[in-house]
Structures are given as structure tokens and as C-alpha cells.
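Visitor: Hi, I have this model open on my screen and would like a quick tour. Could you walk me through it?

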Amino acid sequence: MEPRRTYPDGTGYVRGLYFFRNLPAQVADSLEKKFFLRADAYASEAMERLLKHDLSVREPFHSGWSRFLMSLLHRNPEAVERLGHLVRERMSVPLDSLRAEYEKVREEAGLPSYDEWCTTRPPGDSDRMHLMLMRDIVDSKAVGTLLNSMSWSVTTLKRQRFPLLTSDRPIIMTNGLVKENGHIALPISPTTIFIAASKTETIKAMFADIDKDGAETRINNLVVRQAVKYVYGVDDRQLRFVSNRLGERRRSTPFG
């Protein structure tokens with residue numbers, strides 16, 4: 001895919017992505033106007049502190065940042081469509097047939113058992129179930145607690161020829177945050193990256209790698225390869241770099 005230049009008003013978003021037209025007006029856009037709006041406001045305050053290398057982020061902003069990180073994995077168009085398709089497909093058959101599919105994502109998303117979930121879900125159409133599942137996955141208590149308990153750090157790249165890029169899939173993480181070297185990272189400015197890890201030793205190892213020449217290229221390589229449609233940068237110096245890598249979806253880990 002050949003990249004092209006654009007400006008903030010031309011950046012990509014899907015209008016009405018979180019609007020559930022089959023629900024009553026007062027709840028049809030509640031996921032965006034109530035849940036995500038509040039979550040993003042807390043995350044914005046947290047990021048202001050992190051950009052200043054201030055790690056003393058207190059509640060509710062600490063949890064707000066964790067929730068924002070989690071939301072980046074699940075609020076993109078493909079993930080929203082995939083979940084909606086699953087719900088619509090399964091709503092036409094007895095509810096128990098959802099059990100197997102639910103159990104596949106339950107542990108990772110930190111959801112309650114299937115039977116508990118069923119007893120707390122009010123009756124309604126597929127849009128209502130889709131909305132509630134989206135909210136429950138992003139607001140997972142188990143995953144939120146894990147992210148909150150990780151060691152957080154922020155570092156500014158010292159040997160940098162090019163600015164850091166971001167994309168429509170900017171999260172860099174291991175395949176399983178609960179693993180020994182589990183970590184999650186996110187570029188938060190053209191020069192700064194946020195890192196959370198289960199162990200401080202993991203952060204130290206990542207910092208050692210970031211201090212080496214070409215760290216921004218290694219980070220940008222991951223961010224661009226896992227992008228689906230959009231990559232964002234402060235200038236167009238890396239257009240060819242992006243063109244050669246966009247959408248290859250390499251596994252995201254800062255270690256290669």
C-alpha cells in the first residue's frame with residue numbers, strides 16, 4: 001500500500017463506529033460519549049504527566065491509562081466488526097452455544113465465568129450484547145489490575161536520527177502479559193516511549209536496547225508492520241520506510 005501525506009483533519013476514523021442504531025437513543029452512542037469519553041479524558045491527564053517523566057500518576061488517572069492501553073487493542077474497526085459478527089451470528093441460536101466462544105476469550109479478557117456473565121446480562125438484541133461485551137472487555141478488572149501492578153517507566157531516545165512513528169495499531173506487546181518477561185510499550189511522542197513490564201529487569205533490558213543506535217528504527221519497524229491502514233509521523237522523511245513495511249503484521253515485541 002502506497003502511503004500518502006495528510007493532516008490532522010484527514011486522519012482516519014470510522015464515523016459511527018461505536019453507535020448502535022438498534023438501541024434506544026439514550027444508549028445508542030453511550031459507549032463513545034460516556035465510556036470512551038471518560039476513559040480518554042483520564043488517559044489524557046495521565047499522558048501529560050508521563051510526557052514529563054512523572055510516574056506519580058494517581059487514581060483515577062492511573063487506571064484510566066491502563067484502560068486506554070487495553071482499549072487500543074479492542075476499539076479498532078476490525079476488532080469491533082469481528083465481535084459484532086460473532087454476536088449476531090450466535091444470537092440466532094440458543095445462548096448456550098456462545099459458551100465455547102466466550103471461554104476462548106474469557107481468561108485473557110478477565111471476564112467472569114460464562115454462567116455468571118449470563119446472569120448479569122439483561123435480555124436484548126445483538127446490539128445490546130455487543131455494546132456490553134465491548135465495555136466489559138475494555139474495562140476488564142483482571143487485565144486492568146495486571147497493568148496497574150506492572151512497573152511503569154518512560155524514556156526519551158538519546159541517539160535518534162528519525163522521529164518515532166505511531167499508527168492505527170501502536171501497541172507493542174508480548175504474546176501474553178502474564179509471562180515472565182511480559183511487557184507493553186507505546187510511543188507517546190516523536191521522542192518518547194512508555195513501557196510497562198512485570199519485572200524491572202525487563203525494563204532495564206529494554207532501556208539498554210533503546211540506548212543503542214537505531215532504536216527508533218527498530219521501534220518504528222514494529223509499529224509500521226502491525227499497522228492496518230494508517231501510520232502517523234511529524235514529517236514525510238520516512239514515507240519510503242513506511243511504504244516498504246505497512247501492514248506486514250510482524251509480531252510486536254521490542255526484542256525482534
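Visitor: Which element gives the largest share of the lining of the largest pocket?
Guide: That is α4, with eight residues. Helices here are DSSP runs of H or I with at least four residues, strands are runs of E with at least two, and both are numbered from the N terminus. A pocket is found on a 1 Å grid over the protein atoms alone, as an open set of points where a 1.4 Å probe fits, with protein on both sides within 12 Å along at least five of seven lines; lining residues have an atom within 4 Å of a point.

Visitor: Before we go on, what kind of model is this?
Guide: It is a predicted model, in which local features need pLDDT of at least 70 and side-chain atom pairs count only at pLDDT 80 or more, while totals for chains, interfaces and linings use all residues. Residues are numbered from 1 along each chain as its sequence is written, and side-chain values use heavy atoms, with hydrogens and water left out.

Visitor: Thanks. How much space lies in the largest pocket?
Guide: About 1400 Å³. That volume is the space filled by probe spheres set on the grid points, which are joined across faces, edges and corners.

Visitor: Which residues are closest to its centre?
Guide: Of the 43 lining residues, the closest to the centre of the largest pocket are L73, H74, R82, E108 and M173. Elements that give two or more residues to the lining are α3, α4 (77–91), α5 (98–109), α6 (114–120), α7 (126–138) and α8 (141–149).

Visitor: Let's look at H74. What does H74 touch?
Guide: Not counting residues up to four places away in sequence, H74 touches A79, V80, M134, I137 and V138. Contact means heavy atoms within 4.5 Å. H74 is found in helix α3, and the C-alpha atoms of H74 and I137 are separated by 7.9 Å, although the two are 63 residues apart along the chain.

Visitor: And is H74 partly exposed or buried?
Guide: H74 counts as partly exposed because its relative accessibility is 22%. The cut-offs are under 20% relative accessible area for buried and over 50% for exposed, with partly exposed in between, using a 1.4 Å probe and protein chains only.

Visitor: What about M134, where is that found?
Guide: M134 is found in helix α7 and is buried, with a relative accessible area of 3%. With residues up to four places away set aside, M134 touches L31, F36, H74, R75, V80 and L83.

Visitor: Which ring does R75 lie over?
Guide: R75 lies over the face of F36, at 4.0 Å from the ring centre. Another case is R245, whose charged end sits over the ring of F241, 3.9 Å from its centre. For this, NZ of Lys or CZ of Arg has to be within 6 Å of the ring centre and within 35 degrees of the ring normal.

Visitor: Switching to aromatics: how many aromatic pairs are there?
Guide: The whole structure has eight aromatic pairs. One of them joins Y42 and F61 edge-to-face, at 5.6 Å centre to centre with 85° between the planes. Y42 is in helix α2 (residues 30–51) and F61 in helix α3 (residues 61–74), 19 residues apart. Rings of Phe, Tyr and Trp (its six-membered ring) pair if their centres lie within 6.5 Å; planes under 30 degrees apart count as stacked, over 60 as edge-to-face and the rest as tilted. There is also one aromatic cluster formed by W65, F68, W152 and F194.

Visitor: Where is P60?
Guide: P60 is in the loop between α2 and α3, and the peptide bond from E59 to P60 is cis, with omega near 5°. H53 lies in that loop between α2 and α3 too; its phi is near 60°, a positive value in a residue other than glycine.

Visitor: What is T155 in contact with?
Guide: Leaving aside neighbours within four places in sequence, T155 contacts H53, T191, T192, I193, F207 and I210. T155 has its place in strand β1 (residues 151–156) and is buried, at 10% relative accessible area.

Visitor: Last one: why is helix α10 largely enclosed by the rest of the structure?
Guide: Because nine of the 11 residues of helix α10 (residues 215–225) are buried. Among them are I219, L222 and R225.
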